Amino acid sequence: MTALDKYVKEKLKVKYYIRFMDDFILIVESKEKARKCLEEIRSFLNNSLKLELNSKTAYFKEKQGINFLGYRIWKTHLLIRNQSKKKIKRKLKNFQKLYKKNRIELEYITACINSWKGYAKFGNSYNLINKILKNFVLKK
């Protein structure tokens with residue numbers, strides 16, 4: 001994917017380009033520029049790397065925020081995606097059931113919660129973390 005990085009930065013001259021593994025975003029000045037870049041990237045990936053973009057590939061207005069790496073990102077802040085909030089709530093309910101049946105270790109639950117808190121702290125989510133965890137109680 002280094003070839004794609006170089007192509008986007010050097011050939012397309014995109015100033016705001018971020019890639020993490022196989023996910024990437026471009027921030028450009030107009031919808032026309034976004035369309036042109038998308039078309040050229042598709043062609044480059046297909047011809048040079050024999051890769052295709054998946055069906056989730058799209059472009060959005062800046063005011064909608066960018067859905068990237070589990071967050072919704074704006075210029076001024078980032079929030080955890082709703083899907084991620086639902087997932088941790090389901091996981092905590094499942095932890096309670098498994099712990100009550102003695103089928104999961106407290107250390108594992110603690111590690112998972114600490115990992116999620118680390119992820120959540122990158123977003124503007126202090127109140128969310130407290131809200132989700134305040135009702136989490138383990139009983140045997």
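Predicted model: local features only at pLDDT ≥ 70, side-chain atom pairs only at ≥ 80, totals over all residues.
**Stop 1: the positive patch**

Select Lys-86, Lys-87, Lys-89, Arg-90, Lys-91, Lys-131 and Lys-134. These residues gather in a surface patch of positive charge. Two elements each give two or more residues to the patch: helix H3 (82-100) and helix H5 (126-134). Colour both helices. Which of them gives the most to the positive patch? It is H3, with 5 residues.

Now centre on Lys-86. This lysine sits in helix H3. Lys-86 counts as exposed because its relative accessibility is 55%, and the cut-off for exposed is over 50%.

**Stop 2: the salt bridges**

Next, turn to pairs of opposite charge. Side chains of opposite charge can pair when their charged atoms come close. How many salt bridges does a search of the whole structure find? The search finds 3. Visit each in turn.

Select Arg-19 and Asp-5. Their side chains meet in a salt bridge, 2.7 Å from N to O. This pair links distant parts of the chain: Arg-19 belongs to strand S1 (residues 16-20) and Asp-5 to helix H1 (residues 2-11), 14 residues apart. Show the surface around Arg-19. Its relative accessible area is 28%, so Arg-19 is partly exposed.

Move to Glu-40 and Lys-36. Here the side chains form a salt bridge at 2.5 Å, N to O. Both residues lie in helix H2, 4 residues apart, which is about one turn of the helix. Is Glu-40 buried or exposed? Glu-40 is buried, because its relative accessible area is 18% and buried means under 20%.

Then select Glu-62 and Lys-75. Their side chains meet in a salt bridge at 3.4 Å, N to O. This pair, too, links distant parts of the chain, with its residues 13 apart. Glu-62 is in the loop between H2 and S3, while Lys-75 is in the loop between strand S4 (71-73) and strand S5 (78-80). Glu-62 is partly exposed at 49% relative accessible area. Lys-75 is exposed, with a value of 74%.

**Stop 3: Lys-50**

Go to Lys-50. It is found in the loop between helix H2 (31-49) and strand S3 (66-68). With a relative accessible area of 66%, Lys-50 is exposed. What does the side chain of Lys-50 reach? It reaches the backbone oxygen of Asn-47, at 3.1 Å.

Now check the backbone. Most residues other than glycine have a negative phi. Phi of Lys-50 is near 55°, a positive value in a residue other than glycine.

**Stop 4**

At 40% relative accessibility, Leu-69 counts as partly exposed.

Together with Leu-69 they form a nonpolar patch on the surface. What accessible area do Phe-20, Met-21 and Leu-69 have together? The figure is about 320 Å².

**Last view**

Show both patches at once. Colour the positive patch, which includes Lys-131 and Lys-134, apart from the nonpolar patch of Phe-20, Met-21 and Leu-69.

Note on methods. Residues numbered from 1 in each chain as written. Heavy atoms only, no water. Patch = residues over 30% accessible without salt bridge, like charges linked within 9 Å, V, L, I, M, F, W, Y side chains within 5 Å. Areas by Shrake-Rupley, 256 points an atom, 1.4 Å probe, with all protein chains shown as cover. Salt bridge = Lys/Arg side-chain N within 4 Å of Asp/Glu carboxyl O. Lys, Arg positive; Asp, Glu negative; His and termini not counted. Charge placed at Lys NZ, Arg CZ, Asp CG, Glu CD. Buried < 20%, exposed > 50% of the residue type's maximum accessible area, 1.4 Å probe, protein only. Polar contact = N/O pair within 3.5 Å; in protein donor to acceptor, adjacent residues only side chain to side chain.
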